[in-house]
Amino acid sequence: MSATTPLARFWDDFRANTLAVIALGVVIAIVLIALAAPLIAPQNPYDLATLVLTDARRPPGFVGSKGFTHWLGTDAQGRDLLSAILYGLRISIQIGILAGVIAFGIGATLGTFAAYFGGRIEALIMRIIDLQLSFPAILLALVLAALLGQGKGPLIAALVTAQYAYFARTAHGAASAERSKDYVEAALSTPLSPRRVVFRHILPNCMPPLIVVATVQIANSIALEATLSFLGLGLPVSEPSLGMLIANGFQYMLSGRYWISIYPGVALIILIVAINLVGDQIRDQLNPRLRR
Amino acid sequence: MLGFMIQRLLQALVVMLVISALVFIGVYAVGNPIDVLISPDATQAIREAAIKAYGLDQPLWKQYLDFLARLVRGDFGRSFIYNMPVLDLIASRIPATLELTLVAVLGATFLGVPLGMYAGYRPDSVLAKIIMTVSIFGFSVPTFWIGLVLIFTFAVQLGWLPAGNRGDTATLFGVEWSLLTANGWKHLLLPALNLSLFKFAMMVRLARAGTRETMLTDTVRFARAAGESEFTILRRHVLRLIAIPIVTVFGLEFGSTMAFAVVTETIFSWPGVGKLIIDSISSLDRPVMVAYLMLVAFFFIIINLLVDLSYAALDPRLRTRRAT
């Protein structure tokens, strides 16, 4: 099969790995389900008026007083767990993508500019980034979340700070290689502004490795957000993300009510593993050393 | 070698200064510094006395120098909650974190490296596939959720192991260790397993990738031609060649494992430094937060320094090039 555009060729290669295709399908399905959560969830888990306390902590399959079956059971407030998971996925994906995109923007810009300017500026920026990479991301995020307080904004700021360095280093590596190529010299010999050369000429050619980092980092920021929320440093209780749901169920686990914590965790893991599998396949395809 | 060491030491010092400045700006200049120094429910008179005593009416550069001087003396102030010097408080929690991290990282290395080498040596065997599946699982699943599953399985359902706390401790060199009692080991097992899973996955991947590459090199071909047994080749040649990345990861991961212990300690109520920092964040015990930040930064710089130095010791090429 001879495909014409690079994208079509890329897709042909991608299709060869069945597992990755399934994973991609799972990711798309989860995103669609999360987007459609208000339409398909049996209950609005944030509407406290619809919660019935006598229905709290019921096992999976329990038929609640509202007449519908709680397929995954209910949590401590009598929330339908399936609905809570669907809404939680929505928040987790939203935070993960937002943090990933912002970190991408800041990191790629910093890394590319460092490679473009070279010299002292490059040495300084990369030194700071290397330094930051030697500290565990979770610790940075933890400290920032603690200093900035609760809420979506501070949480995203913490995630971005913990992750932009990975983008910056990848962009710097790729851009340094591009910087010495003839087409960049050619572009520089024309009266184009440096900004235009960086963003329109160099950056597009650094995209492949950055996309790989982006998939991994989105999965990471979803996991990191869940961890922070689990530790009580993430989102406010009124909008439980998956991590918060798991944290809320933790205390009931010791008395054997496993479902409140386990099912949100399963949803989280399916999402993260699927994103990672897709990312692995893209990385293999873009790795020139594995090209036949 | 000596020149290299001195150069690295100086670099580490500079980094430490930069970090202390960042922490100073972050906590002292941006936030209200008096909140870090005295309890929020102190009276106005005490507040003003403290502002004078700590020199908060001084210019910023002088305040920073004072801050540095206090750091060097190890004076981090007193914890609001525990009402004891912060340094003593943190020091009393370090052994718990240290033994948990040690058991986790050593376990992950001594299991992960041989299994990973096997998976790289016989990549198509069933055992290799099982090893790799476990490692992918360990890589993707968030630590805190595995902790919950472990507690539910082994503590709640089976009732084999306790779900939290350190258990009995025995005293050695004036420090309490769970490692020295059977009951302590029982308490240590689940949190250590939880903490080690991610590192185990990482070690397996590293050892497997290294072994696969090394098995194709001339070193192995010549060793085979010389009639050495496969086991000797793996142990004497392959292991030595893949040692560098493994030592690096061991060093770097030891630090990040201590950081990740925050999560594990919270789940298993393990009374270590990680649990302390989470508790102090939720109770706004800011002196503890500042001290923890500085100590962690210090710790990571030391680890990076040690990794650099052991690199030089393991790879003579690096040593001679850097020294000139």
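Predicted model: local features only at pLDDT ≥ 70, side-chain atom pairs only at ≥ 80, totals over all residues.
**Exercise 1. Work out which elements the buried residues of α11(A) pack against.**

Step 1: Residues are numbered from 1 along each chain as its sequence is written, while chains are lettered from A and ligands numbered from 1 in the order in which they are written.

Step 2: pick out the buried residues, where buried is 20 or more other C-beta atoms within 10 Å of a residue's own, exposed is 12 or fewer, and partly exposed is in between, with C-beta atoms placed from the backbone. For α11(A) they are Leu242(A), Gly243(A), Met244(A), Leu245(A), Ile246(A), Ala247(A), Asn248(A), Gly249(A) and Met253(A). Nine of the 12 residues are buried, so α11(A) is largely enclosed by the rest of the structure.

Step 3: find the partners, using contact (C-beta atoms, placed from the backbone, within 7 Å). The buried residues of α11(A) pack against α4 (81–117), α10 and α12 of chain A, together with α7 (143–157) of chain B. Helices here are DSSP runs of H or I with at least four residues, strands are E runs of at least two, and both are numbered from the N terminus.

Step 4: check the helix span, for which the expected value is 1.5 Å times one less than the number of residues. From first C-alpha to last, the 12 residues of α11(A) reach 16 Å, close to the expected 16 Å.

**Exercise 2. Describe the side of chain A that touches chain B: which elements take part, and what is its make-up by class?**

Step 1: count residues. Chain A puts 30 residues into the contact and chain B puts in 26.

Step 2: list the elements of chain A that give two or more residues: α6 (137–148), α10 (207–230), α11 (242–253) and α12 (259–286). The most comes from α12(A), with seven residues.

Step 3: sort by class. Ala, Val, Leu, Ile, Met, Phe, Trp, Tyr, Cys and Pro are nonpolar, Asp, Glu, Lys and Arg are charged, and the others, Gly among them, are polar. That gives 23 nonpolar, seven polar and no charged residues on this side of chain A.

Step 4: zoom in on one residue of α12(A), Ile269(A). Setting aside residues up to four places away in sequence, Ile269(A) touches Ser140(B), Val141(B) and Trp145(B). Ile269(A) has 18 C-beta neighbours inside 10 Å, so it counts as partly exposed. Its C-alpha is 8.7 Å from that of Ala223(A), 46 residues away along the chain.

**Exercise 3. How do α4(A) and α9(A) pack?**

Step 1: decide what to compute. Two packed helices are described by the angle between their axes and the distance between the axes. The axes are lines fitted to C-alpha atoms, for helices over the stretch in contact, and angles run from 0 to 180 degrees between N-to-C directions.

Step 2: read off the geometry. The angle between α4(A) and α9(A) (residues 194–205) is about 110°, and the axes are 11 Å apart. That makes the two helices roughly perpendicular (65 to 115 degrees; under 35 is roughly parallel, over 145 roughly antiparallel, the rest oblique).

Step 3: name the residues that meet. Ala108(A), Thr112(A), Phe113(A) and Tyr116(A) of α4(A) face Pro194(A), Val198(A), Ile202(A) and Leu203(A) of α9(A). By class, this contact has seven nonpolar, one polar and no charged residues.

Step 4: Ala175(A) counts as buried because it has 23 C-beta neighbours inside 10 Å.

Technical notes:
Contact = placed C-beta atoms within 7 Å.
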